[in-house]
Amino acid sequence: MSRHHVSPFPTILLVAANLLLPVAIVIFAAGFFPYKPFLPGLARHEELEGYGSPPDAPFDKLIFMVVDALRSDFVFLEGSGFEYTRSLIKHGVAIPFTAHATSPTITMPRIKAMTTGTTPSFLDAILSFDEADTSSTLASQDTWLAQMKAKDTGKLVMYGDDTWLKLFPATFDRADGTTSFFVSDFTEVDNNVTRHIADELRNDDWNTMVLHYLGLDHIGHKTGPRGPNMIPKQHEMDAIVRQIYAAMGDYEHMRSTLLVLCGDHGMNDAGNHGASSPGETSAALVFVSPKFKAISSNTEAPVKFNEDFQYYRTVEQSDLAPTLAALLGFPVPMNSLGSFIVDFLPLWPESRDKLQILIRNARQILAIVTATLGGSSVESQVSEQDCLQPGSPAAELVCEWRMISEVTEEAATESSQYQDRILQISGWLSKAQELMSGMASNYDIDKLILGGLITFAAIFATIIATAVSTKLTIRSFGPFALITILYGVMMFASSYVEEEQHFWYWSTTAWLFYLVVKKPPKNARNFYITVLLGLGTMRLTRGWNQTGQKFAGEPDIVTELLLPNPTLLWVLVWSTYSLASRELLKSLDEIPNVISGSVVVGVVTAAVSFKLTFTKHDAPELVVGYVRLFADFFDGASLVTQAQAVFGGIGLVAIYPLYSLFFQPTKSSKLRAMRTLHHLYTLFALTQSRATNAPLFLLFHGIYIVLDKMNLDPMEVTVSSLLLQFTSFFAMGGSNAFTGIDLSSAYNGISNFNIIAVGVLTFVSNWSGPIWWVSASNLLLLSAEERRAARDDSKGSEERGSVFAQHASLLTLYAAASLGSVMAACTALRTHLFIWTVFSPKYLYSVAWSLGQHLVVNVGLGGLLYWLGRR
């Protein structure tokens with residue numbers, strides 16, 4: 001069937017579908033990520049009839065020492081580097097806990113939880129990547145920092161992670177912040193904190209000192225929890241504890257100082273964090289003071305390994321807020337959902353004081369319950385009849401508190417009942433904390449449904465556009481439909497979402513085998529070579545990086561073969577650059593060899609020198625032997641200057657193929673120009689990728705050669721492109737968790753934070769493989785179109801535009817269908833245990849795939865390249 005004209009109707013539907021996607025994303029996100037209202041102002045001590053003024057606080061100064069990613073076993077387990085801290089625990093002057101950090105296990109939301117006692121919004125995890133963000137400030141919220149400042153008994157000082165300065169602007173009287181995103185820095189980032197400690201310990205003008213060390217977290221990201229630098233860093237942090245504890249005895253003004261050593265989160269076996277594995281959610285928490293000697297029992301230290309990382313008693317990070325309030329003598333922050341840690345009650349000898357501390361904590365949480373359910377009248381509206389059969393968990397809480405209050409008044413006159421009342425109130429606090437933390441997600445169901453409906457409208461529009469504008473048979477459309485349907489079903493299972501990479505690995509392997517069988521070479525020898533090359537490279541690609549949750553940290557090619565053998569790694573890296581150089585020279589064969597050779601050598605030399613210098617700073621253990629000599633030779637200019645030289649060189653070389661595309665009308669010159677741009681992007685992608693991932697582009701090229709020799713039709717190119725985009729993403733270490741985000745190349749070529757530049761570089765460094773396959777697929781599409789035109793000149797001239805239209809339609813159909821599946825899963829499973837740890841990150845990744853990879857790269861960049869190649 002041939003068409004005499006191309007109707008604009010399918011194009012209009014396709015454009016409408018792509019415009020609907022961002023609209024649906026915004027509306028759904030507005031309903032899914034709730035804004036959590038908070039009570040404004042600072043809490044004040046209320047009068048408690050029969051109890052008098054609040055109990056005296058045992059401490060007047062606080063040193064809050066955060067060691068980023070300090071997992072519980074790093075402190076408590078035998079063989080770790082915190083020997084001195086464990087000796088303090090053993091001698092009773094330090095009280096240890098495991099602090100449970102709820103997901104997302106990222107610094108900003110964890111600091112919010114520890115300082116306010118609340119359950120932070122999931123969007124805080126996104127805002128933590130924007131160094132310029134000020135919308136997440138806690139300046140107007142009640143925190144223990146605000147309370148310590150309101151006491152006006154001393155200054156507040158902070159040294160370390162500048163996240164504290166973003167969250168608490170104009171709060172600290174002295175501060176020196178360090179950025180958290182240069183993860184290759186293990187030493188200077190911590191030395192910048194430590195250099196202030198000795199002077200501050202001698203000063204007596206402060207009441208709160210916050211220290212936030214980043215080096216241990218950076219080591220985890222680089223080499224994992226068992227890396228060679230981990231124990232020395234733990235020794236370094238342990239020495240800080242020793243220095244502070246010694247000062248408590250040496251200086252009179254330090255005698256009533258409380259030291260809190262804690263991690264904001266932990267890390268998994270790969271050294272990353274952001275999700276909800278036991279290692280990521282189990283942070284160390286230790287309270288240190290000589291005053292604890294009088295109340296502590298014999299505590300064993302060190303302890304034996306526990307696979308769930310739960311040591312001693314487990315508390316919530318939000319429990320810090322009410323606990324510090326009592327220990328330091330200020331009201332519990334108004335929005336806190338924390339429960340006072342009862343282990344410290346023996347610090348107050350009087351039972352009435354112990355009871356008063358818990359009552360004040362309970363009344364503060366009861367105020368949140370009533371405010372959440374409709375105001376202060378709610379409590380009075382719950383009648384005794386209602387309490388017989390409470391209509392909601394919140395009403396049940398109100399009824400239980402009413403009963404506890406009545407018996408507590410009796411206990412105020414009968415000291416024998418104090419202990420029972422303490423246990424009752426403590427149990428009520430835990431129950432209230434669990435309920436209110438679970439109620440923190442107030443979904444807007446209408447917006448969830450509307451966002452989903454708009455997405456399904458986009459799906460319907462794309463199906464119509466595809467059916468009208470293309471000729472697809474069930475046989476050709478079947479594989480694409482099967483992939484899309486299976487993927488959609490898979491989104492409703494948390495385990496499949498966490499291990500999504502296996503779906504793409506096996507689907508791509510099966511697809512490549514199907515293509516080889518469907519399009520076998522003419523002789524058996526070539527057939528076997530094709531099978532071995534295609535499936536062999538795919539097998540290596542699958543095993544390059546372990547990702548996901550279940551097998552994170554397990555052996556892979558990088559950890560088992562390349563990291564122990566840096567020489568082999570650099571042979572592969574230089575082979576990759578050599579291949580890119582050769583292909584670039586071939587595509588510039590119209591230029592005299594002297595000129596093209598000089599240009600290519602200059603650009604590639606700049607790229608290689610940057611890679612060597614960058615790796616020398618980022619992972620010095622990989623730059624050894626003769627490689628070190630080359631790195632030292634190039635280590636003159638700054639990394640920013642070297643990266644700018646690479647980007648500038650690539651940009652200058654790109655002028656020639658762009659000129660050819662616009663001003664040289666021959667098909668051969670256009671195809672040659674497209675190949676030149678493709679190989680230039682390969683150099684750019686190598687610059688934005690870790691050295692250990694650079695050889696993957698060799699494997700990608702091998703798979704591309706196999707596909708190119710098969711003479712694929714447009715439908716087969718589209719399916720191959722879809723599968724290989726996702727496969728390459730996961731092969732390079734990507735995942736559906738925040739732990740998979742690689743920020744190491746986010747600042748290449750820039751010296752100051754710029755949200756657009758950092759955002760683009762971050763996206764390219766994490767999606768460098770998928771973008772490479774968009775460019776490669778464009779070359780395959782152009783070749784497919786030329787073969788169609790050669791078979792039937794008249795048909796080719798009339799339907800040339802339909803090749804990319806079909807390609808874009810199918811990719812839009814997949815993008816809309818996959819996004820709709822994730823939205824449906826998030827809506828249906830919004831009360832699921834893993835909604836914030838698995839499905840919410842997956843939704844954010846779906847947004848990145850839909851907006852960044854699909855709209856910008858596949859449709860925008862891919863469409864531009866295709867148009868330039870065939871105009």
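Q: Which residue in β6 does F64 stand opposite?
A: That's V260. Keep in mind that this is a predicted model.

Q: And how do β1 and β6 run, parallel or antiparallel?
A: Parallel, with 6 bridges joining β1 (residues 61-67) to β6.

Q: What stands opposite V260 in β7?
A: F287 does. There, β6 and β7 (residues 282-288) run antiparallel, and 4 bridges join them.

Q: OK, so how many residues of β6 are buried?
A: 6 of the 6, spanning residues 257-262, so the strand is largely enclosed by the rest of the structure.

Q: Which residues sit on which side of β6?
A: T257, L259 and L261 are on one side, while L258, V260 and C262 are on the other. Both faces are covered. As background, side chains in a regular strand alternate between the two faces of the sheet.

Q: Zooming out, what's the strand order in the sheet?
A: It goes β4-β3-β5-β1-β6-β7-β2-β8, which makes 8 strands in an open sheet with mixed pairing. The edge strands are β4 (174-178) and β8 (313-316), each pairing on one side only. From one strand to the next, the twist averages 20°.

Q: How many bridges join β2 to β7?
A: 7 bridges, with β2 (residues 94-100) and β7 running antiparallel.

Q: What about β2 and β8, parallel or antiparallel?
A: Those run parallel, joined by 4 bridges. Here F97 has R313 in β8 as its bridge partner.

Q: How many residues of β2 are buried?
A: 6 of the 7, so β2 is also largely enclosed by the rest of the structure.

Q: Switching topic: how many residues are in the largest nonpolar core?
A: There are 143. The residues with the most contacts inside that core are F32, W504, W570, L707, W773 and Y843. Helix α34 (residues 793-828) supplies the largest share, 15 residues.

Q: What does Y843 touch, not counting residues up to four places away in sequence?
A: I25, F28, A29 and F33, plus L819, V822, M823 and C826.

Q: What lies apart from that core?
A: Another core, this one of 66 residues, with I95, I111, L138 and F340 among them. In general, nonpolar side chains in soluble globular proteins tend to be buried together.

Q: Next, L201. Which helix is that residue in?
A: L201 lies in α9 (residues 197-202).

Q: Is L201 buried or exposed?
A: Buried, at a relative accessible area of 3%.

Q: What is L201 in contact with, leaving aside neighbours within four places in sequence?
A: The partners are I63, M209, Q243, I244, A247, Y251, H253 and M254. Take Y251: L201 and Y251 are 50 residues apart in sequence, yet their C-alpha atoms are 8.2 Å apart in space.

Q: Last one: at what angle do α29 and α35 pack?
A: About 150°, with the axes 8 Å apart. Angles over 145 degrees count as roughly antiparallel, and therefore α29 and α35 fall into that class. The helices span residues 667-687 and 835-870 respectively.

Q: Which residues meet there?
A: K670, M674 and L677 from α29 meet L865, L868 and G869 from α35. By class, that contact has 4 nonpolar, 1 polar and 1 charged residues.

Note on methods: Residues are numbered from 1 along each chain as its sequence is written. This is a predicted model: local features need pLDDT of at least 70, side-chain atom pairs count only at pLDDT 80 or more; totals for chains, interfaces and linings use all residues. Side-chain values use heavy atoms; hydrogens and water are left out. Buried means under 20% relative accessible area, exposed over 50%, partly exposed in between (1.4 Å probe, protein chains only). Helices (H or I, at least four residues) and strands (E, at least two) are DSSP runs, numbered from the N terminus. Two strands pair if DSSP finds at least two bridges between them. Axes are lines fitted to C-alpha atoms, for helices over the stretch in contact, and angles run from 0 to 180 degrees between N-to-C directions. A nonpolar core is a set of buried Ala, Val, Leu, Ile, Met, Phe, Trp, Tyr and Cys residues joined through side-chain atoms within 4.5 Å. Contact means heavy atoms within 4.5 Å. Angles under 35 degrees count as roughly parallel, over 145 as roughly antiparallel, 65 to 115 as roughly perpendicular and the rest as oblique. Ala, Val, Leu, Ile, Met, Phe, Trp, Tyr, Cys and Pro count as nonpolar, Asp, Glu, Lys and Arg as charged, and the others, Gly among them, as polar.
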